[in-house]
Amino acid sequence: MTPNAPFTPDQQAGLYRAIYERRDVRSQFLPDAIPPEVLARLLHAAHHAPSVGFMQPWDFILIEDLATRQAVKRLFDEANEAAATQFAGEGREQQYRRLKLEGILDSPLNLCITCDRSRGGPHVLGRTSILEMDLFSACLAVQNLWLAARAEGIGVGWVSILDNDRLAQLLGLPEQVYPLAYLCLGYVSEFLPQPELQTQGWRQRLPLESLIHQDRWGTPLAQGPLQTALGNMTSIPAVDTTTAP
């Protein structure tokens with residue numbers, strides 16, 4: 001049995017650093033290959049994500065083949081062109097077109113994390129009411145991999161501007177397997193101090209206090225110690241060493 005002991009202050013600081021310094025990388029990839037032992041650690045971390053009913057619905061498709069990546073890039077270019085026109089009415093089409101939103105050919109490795117919606121059979125514990133729980137579970141595998149990658153100094157970028165049906169056909173996915181996340185992985189020249197969309201003025205981070213409700217939607221958080229603590233938060237929380245072992 002694992003004792004109920006908190007992480008040491010250094011361990012806590014490392015975890016929070018990975019969370020706050022994680023970036024959706026598009027423009028900073030280096031050509032250096034990811035060593036097999038490092039990639040194995042990332043995949044192992046992803047495979048240890050929590051999942052509904054211990055369903056483990058994920059699979060991992062490693063994509064290095066240039067022709068396949070070029071085909072995916074063409075899917076992106078087509079979908080991205082259609083997406084750009086959707087922002088014309090907001091007067092943001094040109095700003096959108098200036099954004100680099102993928103690193104499919106720049107990164108040394110692409111990775112598609114899939115969700116097998118049939119895994120575990122027709123009745124999965126915990127998924128009998130909310131069928132999308134398998135998709136949510138696979139998203140946790142993505143997050144595990146992303147944080148582990150940041151700890152290893154590896155950037156990850158999620159390419160979400162794709163026709164998923166055509167992507168599934170390109171990758172030869174069975175009908176019940178959904179291409180949940182198409183990721184670009186590689187070492188990077190730098191991790192930007194802020195999310196790139198924030199730096200480029202596309203959107204700013206919302207204040208956390210405006211997103212917390214008390215007991216029901218629309219009721220603001222009551223004045224008290226939590227609100228005070230939230231107001232004192234910095235970009236990377238300081239670790240309290242007074243209660244650490």
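Which residues of β2 are buried on one side, and which on the other? In this predicted model, Leu-109, Leu-111, Ile-113 and Cys-115 are buried on one side of β2, while Asn-110, Cys-112, Thr-114 and Asp-116 are buried on the other, so that both faces are covered. In a regular strand the side chains alternate between the two faces of the sheet. Strand β2 comprises residues 109-116, and because 8 of its 8 residues are buried, the strand is largely enclosed by the rest of the structure.

Strand β2 is paired with two other strands. Strand β1 (residues 58-63) runs antiparallel to β2 and is joined to it by 6 bridges. The pairing of β2 with strand β4 (residues 177-187) is likewise antiparallel and extends over 8 bridges. Leu-111 takes part in both pairings: Leu-62 stands opposite this residue, and Leu-183 is its bridge partner in β4.

Beyond its neighbours within four places in sequence, Ser-137 is in contact with Pro-50, Ser-51, Val-52, Pro-57 and Trp-58.

On the surface, a nonpolar patch is formed by Phe-7, Leu-15, Tyr-16, Ile-19, Tyr-20 and Met-233, which together have about 540 Å² of accessible area. One of these residues, Leu-15, belongs to helix α1 (residues 9-21). Leu-15 is partly exposed, with a relative accessible area of 39%.

Technical notes: Residues numbered from 1 in each chain as written. Predicted model: local features only at pLDDT ≥ 70, side-chain atom pairs only at ≥ 80, totals over all residues. Heavy atoms only, no water. Patch = residues over 30% accessible without salt bridge, like charges linked within 9 Å, V, L, I, M, F, W, Y side chains within 5 Å. Areas by Shrake-Rupley, 256 points an atom, 1.4 Å probe, with all protein chains shown as cover. Salt bridge = Lys/Arg side-chain N within 4 Å of Asp/Glu carboxyl O. Helix = DSSP H or I, 4+ residues; strand = E, 2+ residues; numbered from the N terminus. Buried < 20%, exposed > 50% of the residue type's maximum accessible area, 1.4 Å probe, protein only. Contact = heavy atoms within 4.5 Å. Pairing = 2+ DSSP bridges.
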